[in-house]
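Subject: Structure for you to look at

Hello,

Here is the structure I said I would pass on. My notes on it follow below the display.

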Amino acid sequence: MSSDSVASYFSAMAKCDEGYLCEVCGLDVAEIVESDLYLRYVIGELDPEVLHTSPERHIRCNPTIAQFIVDPEFGAPVVVEGAFDKRLLDPAYVRERETLVTRGWRRLREVLNTEAAIINYPLPEVREAIQRKAGY
Ligand SMILES: [Zn+2]
């Protein structure tokens, strides 16, 4: 992808930055720290190209990822019932996942109060990967 097209989709995202409704509960996703899309974007699991076209959800409305946020600031831990319950998963995988997803969520809290451009939201290693892919 050219850096021109990168710039154009980031500006497209900025335009529709007014908040989306959660596809699970139907309520407004008012804050970036509640956004499942942005969480997955900062940890490198959502392509920036689809950030503004994917359905929005609250982080808590997507428990399979929310259960990996381990931070008292996040509030009560999310528990998943069923096959994706982290208590049933490999402990090493769970630790890795908790580290990544928790870092991602803390990153959202950081960018909430900064003027950082959306392209600079992701975690450093994710930012590098995106830039490599975009051919900067
Ligand atoms: Zn919701």
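Pro-91, Ala-92, Glu-96 and Thr-99 are exposed, on the other side of α4 from the residues that are buried in that helix: Val-101, Gly-104, Trp-105, Arg-107 and Leu-108. Viewed down the axis of α4, the buried residues fall within an arc of 150°, so they line one face of the helix. What do the buried residues of α4 pack against? Their partners are α2 and α3. Please keep in mind throughout that this is a predicted model.

As for its dimensions, α4 has 22 residues. From its first C-alpha to its last it reaches 31 Å, close to the 32 Å expected at 1.5 Å a residue.

On the overall layout, the protein has five helices and two strands, and their order along the sequence is α-β-β-α-α-α-α. Of its 136 residues, 22% are buried. Among the contacts with a separation of 6 or more, 64% are between residues 24 or more positions apart.

Next, the core. The largest nonpolar core has 17 residues, and Tyr-38, Leu-39, Tyr-41, Val-42 and Val-101 have the most contacts inside it. Two or more residues come from each of α2 (36-42), α3 (63-66) and α4 (91-112). The largest share is that of α2, with five residues. In soluble globular proteins, nonpolar side chains tend to be buried together.

Once its neighbours within four places in sequence are left aside, Leu-39 is in contact with Ile-59, Ile-65, Gly-104, Trp-105 and Leu-108. Gly-104, Trp-105 and Leu-108 are among the buried residues of α4.

Two loop residues are also worth a look.

Arg-57 is in the loop between α2 and α3. Is Arg-57 buried or exposed? With 23 other C-beta atoms within 10 Å, Arg-57 is buried, because the cut-off for that class is 20 or more. Its contacts, leaving aside neighbours within four places in sequence, are Cys-22, Glu-23, Val-24, Asp-36 and Asn-62. Arg-57 and Ser-35 are 22 residues apart along the chain, while their C-alpha atoms are separated by 6.1 Å.

Ala-116 is in the loop between α4 and α5 (124-134). This residue has 12 other C-beta atoms within 10 Å and is therefore exposed, since that class takes in residues with 12 or fewer. Leaving aside neighbours within four places in sequence, Ala-116 is in contact with Val-111 and Tyr-121.

Regards

Conventions
Residues are numbered from 1 along each chain as its sequence is written. This is a predicted model: local features need pLDDT of at least 70, side-chain atom pairs count only at pLDDT 80 or more; totals for chains, interfaces and linings use all residues. A nonpolar core is a set of buried Ala, Val, Leu, Ile, Met, Phe, Trp, Tyr and Cys residues joined through C-beta atoms within 7 Å. Helices (H or I, at least four residues) and strands (E, at least two) are DSSP runs, numbered from the N terminus. Two residues are in contact if their C-beta atoms, placed from the backbone, lie within 7 Å. The expected span of a helix is 1.5 Å times one less than its number of residues. The arc is that of the directions from the helix axis to the C-beta atoms.
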